[in-house]
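This report describes how two chains meet in a model. The sequence and structure come first.

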Amino acid sequence: MSASVQRSRGRARTADQRGGGTGEKYREMSVAEFFAKNKELAGFSNPTRALYQAVRELVENSLDATDAKGILPWIHISIAPVPEPSQGDGSRPRYVISVEDNGVGVPVTSMAMAFGKVLFSSKYVIRQTRGMYGLGVKAAVLYGQMTAGTPVEVFSATKGSQYVHMMRLMIDVQRNEPRILEKGEWNKRGSWHGTKVTLTLEGDWSRARSKILEYVKRTAVIAPYAEIVLETPDGEILYFPRTTRRMPKPPKEAKPHPHGVDIEQLKSIIRSTRAKTLKDLLVTEFQSIGEKTAVDFLERYGIDPKLKPRELLRKGRERLLRRLVDALMEYPFRSPKSDYLSPIGSDIIEIGLRRMFAPEWVGAVTRSPKAHRGHPFIVEVGIAYGGSIESRDEPLLLRYANKIPLLYEEREDVSYKVVSSINWKQYNIDFPAPLVVLVHIASTKVPYKGVGKESVSDVPEIESEIRNAVQEIARKLRIYLSRKAREQEAIKRSITLAKYIPEVALSLAYFIRPPEKWQPPREEEVRKIKESLIRLVARNIDLPPIDGESQDPEEIVRKIVESVQLD
Amino acid sequence: MSGEFFGDEVDLKARARAARVMYEKFNKIVKDVIRGKPPKLEIPKRTLSNTIFDPERGILVIGEEKLEREFLNVGESRRFMQTVLMASIIYQSLIENEYPTIRDLYYKGKHTITYSDHRGRKREENTWDEQKESDSVIQDIEVFTGLFREDMLILSKEKGKVVGNMRIRSGGDVIDLSKLGHGAYAIEPTPDLIEFLDVDAEFVLVVEKDAVFQQLHRAGFWKRYKALLVTGSGQPDRATRRFVRRLHEELKLPVYVITDSDPYGWYIYSVYKVGSITLSYESERLATPKAKFLGVQMSDIFGYRSKKPYLSEGERRKFMIRATDRDIKRAKELLNYSWIGKNSRWKSEIRLFLKHLVKLEIEAIASKGLKFFAFHYIPEKIETGDWIE
């Protein structure tokens with residue numbers, strides 16, 4: 001399945017760059033048309049999934065337009081039913097989805113293409129973004145026009161612009177071109193910038209409801225720096241206020257790493273490069289290759305460094321091209337750079353988990369970058385325990401890939417495989433337990449299992465990183481839990497003793513005076529004995545420090561003693 | 001409330017002495033606490049392992065083992081609290097000339113401690129729940145102070161009774177134990193405060209059961225044989241045991257005991273004779289090591305060697321009761337007690353029981369005829385020396 005999408009991408013690209021002088025011929029089939037016939041590839045298989053997927057695509061676009069550009073996100077999502085004009089006309093329920101953000105905005109010049117031409121997207125570069133194929137929002141637009149017959153409506157203003165632009169457009173499926181129905185522009189009042197997209201499509205809210213709510217909640221977990229509002233067709237409003245101003249650093253763009261390149265990609269690079277020789281191409285178009293490395297590499301594989309890159313695209317050179325790709329994958333280049341990955345950050349994960357679950361303990365880690373087949377990736381894990389978390393028979397697993405929550409196909413996912421195979425008893429956790437495990441995989445290429453992009457394959461490098469990360473945090477949790485158990489034990493001990501202090505003090509006070517001078521004990525005599533006992537008991541308690549803080553035993557004992565009533 | 005109305009000279013002296021002892025023992029703990037020393041009570045252990053049979057004196061005594069009851073030990077803090085609470089109540093009762101019963105002490109000390117735990121949840125705990133708990137604390141105080149309950153003027157229900165040709169003084173009154181009609185004198189909880197005036201008796205007959213006591217009393221047994229007739233109504237209380245001991249020790253009268261012919265009856269005899277395990281610390285004052293087990297013996301039923309049985313084959317069938325598993329278990333345990341296991345007469349008695357696995361109540365002998373029991377069986381056995389020691 002994955003291959004067919006790759007291929008369709010290749011075609012669209014080729015069609016896009018006709019006249020590039022490659023001499024190759026492809027049978028034209030519009031990707032929009034292809035999508036219309038294969039909706040399920042983009043996650044639009046039925047009205048339930050379609051509604052969910054459309055919300056997802058729009059929200060992810062909004063996040064990419066905000067946090068990825070250094071803007072603290074404000075996102076307003078609204079889903080409203082379309083009033084049925086007449087009963088019993090057989091039409092299925094339709095919904096108006098509108099998502100507004102305070103992002104960088106879409107320049108008016110690319111607005112039509114961005115929403116009206118499949119696979120035109122700023123995302124077709126190598127870096128970590130939420131969507132990978134740039135198919136998302138256009139798939140939603142297509143689905144909307146197929147099921148509801150309505151155009152998409154876009155309002156947008158970029159940061160520097162003085163105008164707000166509006167466009168209503170549809171996609172010409174045959175030609176894969178935007179068809180603008182209406183457009184307008186207004187003078188901006190104030191400094192608003194951002195985008196508001198509204199589209200109508202057929203959906204099944206009652207079935208999609210739980211997934212959509214879950215999606216928004218999980219998005220809020222890892223984006224505590226965002227302010228998110230969701231208005232549902234039921235009239236509910238979910239509001240997630242911003243709880244921190246800290247944001248992950250935006251991802252940088254980077255050149256591909258030689259280990260991750262395939263033939264199609266190499267061909268595109270050759271077509272677009274300005275390099276005059278193969279050696280220059282390697283140095284300028286790839287990361288991790290310098291002059292020296294390029295020379296050494298070409299020498300080792302006996303390839304002419306002065307070869308003109310375009311020569312490689314000529315007929316009869318396929319074998320050389322293949323040999324070059326194989327060599328690129330084989331040669332021990334430096335590991336890929338990871339600064340164009342954008343992890344969430346352990347501090348933000350902790351803040352998000354705290355906000356959503358009000359746990360007793362939370363811990364998170366951002367691991368150092370690793371690579372799988374030339375693609376750098378970073379694994380992040382957060383664990384929350386106790387507090388308001390409900391006890392369950394297994395950990396509540398929150399999966400994310402490139403900051404997108406993954407809700408479906410949990411049991412297929414590598415994270416599930418790891419988390420469910422961990423022996424939690426070893427970490428002092430007995431199920432049912434109130435445990436949440438968050439796993440985030442950030443990569444320029446997340447190895448999804450299917451085109452639905454809902455589960456990640458068990459690539460050994462990723463699996464072992466997840467395991468290491470989970471274990472690292474689980475060890476910290478174990479230390480916390482055992483300290484807490486010790487503390488509980490000590491507190492229990494102090495209660496056992498402290499609650500008897502008033503009774504013992506009063507009884508002993510009877511023996512202050514000898515029988516011939518006996519009189520009922522005076523209050524200050526009882527207090528004196530009581531104070532002595534409090535100090536004795538407090539001295540006997542050893543409270544372990546938790547998170548560097550230790551409680552004052554005397555205070556604990558005194559509080560209990562003061563609460564005692566004898567009747 | 002003063003000694004003029006309550007109690008006599010004898011009582012007042014006992015009170016003053018007990019209060020002094022308690023003050024000295026517990027004031028030391030007060031001083032420890034104020035000095036910042038963890039408070040603890042050193043109490044001789046009242047366990048089977050610390051119960052020793054002293055063959056010379058023929059009684060059970062408490063051993064050397066002591067336990068330290070520390071307030072700071074979580075497992076002992078509750079018991080520590082109970083002990084000082086009970087001590088304060090007893091101390092006050094002594095000073096204020098009260099005569100609490102163990103039931104009174106239970107009620108006086110029983111109340112609820114309410115407190116909030118570290119999470120602020122309200123919790124409740126009673127100082128003690130059942131009287132068993134407070135009774136056991138009283139025993140601890142006895143062992144800790146070396147004072148007996150009676151010394152601390154704590155009363156308990158009167159269980160024991162006595163009739164016979166004897167006059168005593170109690171609480172200032174002279175009582176003639178031969179002029180009580182069909183009734184009997186209830187042995188007071190403080191038998192040490194009784195004064196023996198004069199006596200005309202040759203032996204003491206202790207019967208386990210109150211009903212048999214009444215039958216023998218009405219049959220005029222004690223008049224005819226110059227006996228002091230005593231019952232503890234089952235398991236004897238401390239007053240009855242102390243009273244019997246004083247009769248034996250001060251009046252030099254032999255003591256014969258009649259119980260059911262079963263392991264429970266034998267144990268009651270052993271309580272009179274050597275003391276009980278839980279109260280071994282007081283055996284020295286309560287036990288009567290020379291008390292003789294007159295019957296009913298297994299050999300009275302089945303005969304033994306040359307001895308002829310008192311019961312015919314038919315009577316046996318009529319009166320015998322099948323032994324229960326508990327009886328059998330108990331009998332085997334008794335064989336392990338050193339003061340029984342080393343006595344060959346006792347061993348053959350228990351072996352007879354284990355052979356026939358039947359038991360017999362005293363009433364069975366009496367059913368054969370009260371006259372037979374009172375005027376034939378008992379005197380004959382005393383005359384012929386047919387008892388076990």
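## Strand pairing across the chains

In this predicted model, Gln565(A) stands opposite Thr114(B), a residue of strand 5 of chain B. The two strands involved, strand 15 of chain A and strand 5 (residues 112-116) of chain B, pair in the antiparallel sense over 2 bridges.

## Extent of the interface

The size of an interface is often given as the accessible area lost when the parts come together. For chain A and chain B the buried area is about 3,500 Å², and carbon and sulfur atoms give 69% of that area. In terms of residues, 35 from chain A are in contact with 41 from chain B.

## Polar contacts and salt bridges

Between chain A and chain B there are 12 residue pairs in polar contact, counting pairs with both residues at pLDDT 80 or more. The salt bridges between the two chains number 2. One of them joins Glu516(A) to Arg20(B), with the closest N and O atoms 2.9 Å apart.

## The chain A side

Several elements of chain A each give two or more residues to the side that touches chain B: helix 13 (460-498), helix 14 (501-509), helix 15 (523-539), helix 16 (553-563) and strand 15 (565-566). Helix 15 of chain A gives the most, with 7 residues.

By residue class, the side of chain A that touches chain B holds 20 nonpolar, 7 polar and 8 charged residues.

Technical notes. Residues numbered from 1 in each chain as written. Chains lettered and ligands numbered in written order. Predicted model: local features only at pLDDT ≥ 70, side-chain atom pairs only at ≥ 80, totals over all residues. Heavy atoms only, no water. Contact = heavy atoms within 4.5 Å. Buried area = accessible area lost by both parts, 1.4 Å probe. Salt bridge = Lys/Arg side-chain N within 4 Å of Asp/Glu carboxyl O. Polar contact = N/O pair within 3.5 Å; in protein donor to acceptor, adjacent residues only side chain to side chain. Helix = DSSP H or I, 4+ residues; strand = E, 2+ residues; numbered from the N terminus. Nonpolar A, V, L, I, M, F, W, Y, C, P; charged D, E, K, R; others polar. Pairing = 2+ DSSP bridges.
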